[in-house]
Amino acid sequence: KMRIAKAMARAGLCSRRDAERWIADGRVTVNGETIPSPARDVGPGDRVLIDGQPLPMAAPTQLWRYAKPRGAVTTHRDPEGRPTVFDGLPEDMPRVLSIGRLDYNTEGLLLLTTDGELARYLELPSTGWMRRYRVRAHGRISQADLDALKDGITIDGINYGPIEATLDSQQGANVWLTIGLREGKNREVRNILASLGLEVNRLIRVSFGPFQLLDMKPGTVEPVRRKVLVEQLGVRLAKRFNLAAEDDDDARSMRQARARRAPPGQAGEEGDARPAPRKRKSRDRRGGSHRGSLPKGGAPESQPDVIEIDETQLDDIKPWDVPGDGAGDPPRKARKRPADKARGRAPRKPARKPGTTPQRS
């Protein structure tokens with residue numbers, strides 16, 4: 001079971017805050033009763049109606065990469081009437097939320113999702129995902145000054161955590177920097193560099209955790225396969241955030257990811273076990289006996305063990321921060337070519353040495 005507002009948000013109808021307002025307006029009923037408060041848990045057996053219409057089934061969580069252009073605010077409604085990042089999204093996209101925010105004049109990678117709980121989780125510094133930025137700033141600075149940021153800095157009573165900063169180049173009166181941080185506080189990059197005497201005139205986020213901007217053009221949006229998140233978050237969190245239904249391809253990816261984390265024959269996360277290696281069988285064109293079998297009356301030759309390799313890939317998204325664990329399934333063993341005798345042929349006669357004559361019996 002879950003709170004009614006969360007169920008409405010997960011179904012893609014509205015945000016939790018909007019759901020609470022709808023409930024307060026008397027637009028939501030549960031099992032024929034109008035509920036006065038969002039402090040109500042609902043489950044699969046409850047009948048929930050909004051304005052007389054049944055609550056849609058919650059679809060698996062989705063994630064998109066979005067290349068935010070300059071001159072757009074990261075909000076659904078702007079009191080000043082400025083354009084928002086949601087105004088230019090494709091019409092067939094469901095209602096989405098941003099994972100974190102980018103300032104009006106900041107451009108680059110912004111992650112969008114249908115699940116508010118996932119968005120809040122990925123925004124937390126404790127998640128450990130690095131945000132990387134390319135920065136052009138007016139002024140001069142040395143690498144030694146940037147190295148002093150590795151232990152964090154306090155500005156006007158606000159504590160900023162450890163910061164990775166690299167001086168890339170000097171172009172006239174401007175410098176290009178690469179900045180990496182894990183908190184994402186309001187105007188963090190601009191405030192930190194301003195304390196060092198630099199004025200930021202261009203700020204581009206190039207990655208968020210394992211997801212990269214790559215060569216996306218401003219204003220474009222690209223979906224991320226849910227199995228990518230399964231690989232990055234792990235099976236337990238994937239289930240928590242409704243990343244796959246039990247009967248779709250992504251559920252199989254979840255089970256495969258879980259199996260890879262467990263040694264052969266031992267239970268993995270959530271009680272699943274990695275399957276033991278099994279033999280690969282192949283049939284000849286006539287669909288009869290196995291290739292390499294003996295003639296009638298003989299036992300078929302044993303086949304070499306072949307470990308099936310999971311073909312799950314991370315699409316075109318290459319992890320930025322998350323290193324590989326070095327684990328992986330071994331390559332397939334080469335199939336041995338059966339001997340002529342195993343194919344039922346007569347053994348070959350030994351080659352005659354030059355200059356000799358065959359002996360007759």
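Me: Helices (H or I, at least four residues) and strands (E, at least two) are DSSP runs here, numbered from the N terminus. So where does glutamate 33 lie?

Reply: Glutamate 33 sits in strand E3, residues 33-34. Before we go on: this is a predicted model, where local features need pLDDT of at least 70 and side-chain atom pairs count only at pLDDT 80 or more, while totals for chains, interfaces and linings use all residues. Residues are numbered from 1 along each chain as its sequence is written, and side-chain values use heavy atoms, with hydrogens and water left out.

Me: Thanks! Is glutamate 33 partly exposed or buried?

Reply: Partly exposed, because its relative accessible area is 46%. The classes are buried under 20%, exposed over 50% and partly exposed in between, using a 1.4 Å probe and protein chains only.

Me: And what does glutamate 33 touch?

Reply: Val28 and Arg40, leaving aside residues up to four places away in sequence. Contact means heavy atoms within 4.5 Å.

Me: Which loop holds asparagine 31?

Reply: The one between strand E2 (28-30) and E3. Asparagine 31 has a positive phi of about 55° although it is not a glycine. With a relative accessible area of 45%, asparagine 31 is partly exposed.

Me: What's the phi of aspartate 156?

Reply: Near 50°, which is positive in a residue other than glycine. Aspartate 156 belongs to the loop between E11 and E12, and it counts as exposed because its relative accessibility is 77%.

Me: Zooming out, how many helices and strands are in the chain?

Reply: Eight helices and 19 strands. The chain has 361 residues, and 37% of them are buried. Taking contacts with a separation of 6 or more, 63% involve residues 24 or more positions apart. The chain exposes about 22,100 Å², with carbon and sulfur atoms supplying 48% of it; that area comes from the Shrake-Rupley method with a 1.4 Å probe.

Me: How many salt bridges does the structure hold?

Reply: There are 13, counting a side-chain nitrogen of Lys or Arg within 4 Å of a carboxyl oxygen of Asp or Glu. One of them pairs aspartate 41 with arginine 3, and their closest N and O atoms are 3.4 Å apart. That pair links distant parts of the chain, strand E4 (residues 41-42) for aspartate 41 and strand E1 (residues 2-3) for arginine 3, 38 residues apart. Aspartate 41 is partly exposed at 39% relative accessible area, and arginine 3 is partly exposed too, at 44%.

Me: What does glutamate 117 form a salt bridge with?

Reply: Lysine 6, the closest N and O atoms being 2.8 Å apart. This pair also bridges distant parts of the chain, from glutamate 117 in helix H3 to lysine 6 in helix H1, 111 residues apart. Glutamate 117 is buried, since its relative accessible area is 16%.

Me: Which residue partners arginine 134 in a salt bridge?

Reply: Aspartate 168, with 2.5 Å between the closest N and O atoms. Arginine 134 is in strand E10 (residues 131-138) and aspartate 168 in strand E13 (residues 164-171), 34 residues apart. Going back to Lys6 and Glu117, salt bridges that share partners join them and Arg240 into one network.

Me: New topic: how much space lies in the largest cavity?

Reply: About 40 Å³, and the structure holds one cavity of 30 Å³ or more. A cavity here is a set of points on a 1 Å grid over the protein atoms alone where a 1.4 Å probe fits but cannot get out, and lining residues have an atom within 4 Å of a point. Points join across faces, edges and corners, and the volume is the space filled by probe spheres set on them.

Me: Which residues line the largest cavity?

Reply: Lys6, Ala9, Arg10, Arg16, Asp115, Gly116 and Glu117. Helix H1 (4-10) and helix H3 (116-123) are the elements giving two or more residues to that lining, and H1 gives the most, with three.

Me: Last one: which residues are buried in helix H5?

Reply: In H5 (residues 188-195), they are Glu188, Val189, Arg190, Ile192 and Leu193. The buried residues of H5 pack against E10, strand E11 (153-155), strand E12 (158-160), strand E14 (174-181) and strand E15 (199-208). Just after H5, glycine 197 takes a positive phi of about 85°.

Definitions and conventions:
On a 1 Å grid over the protein atoms alone, a cavity is a set of points where a 1.4 Å probe fits but cannot get out, and a pocket is an open set with protein on both sides within 12 Å along at least five of seven lines; lining residues have an atom within 4 Å of a point.
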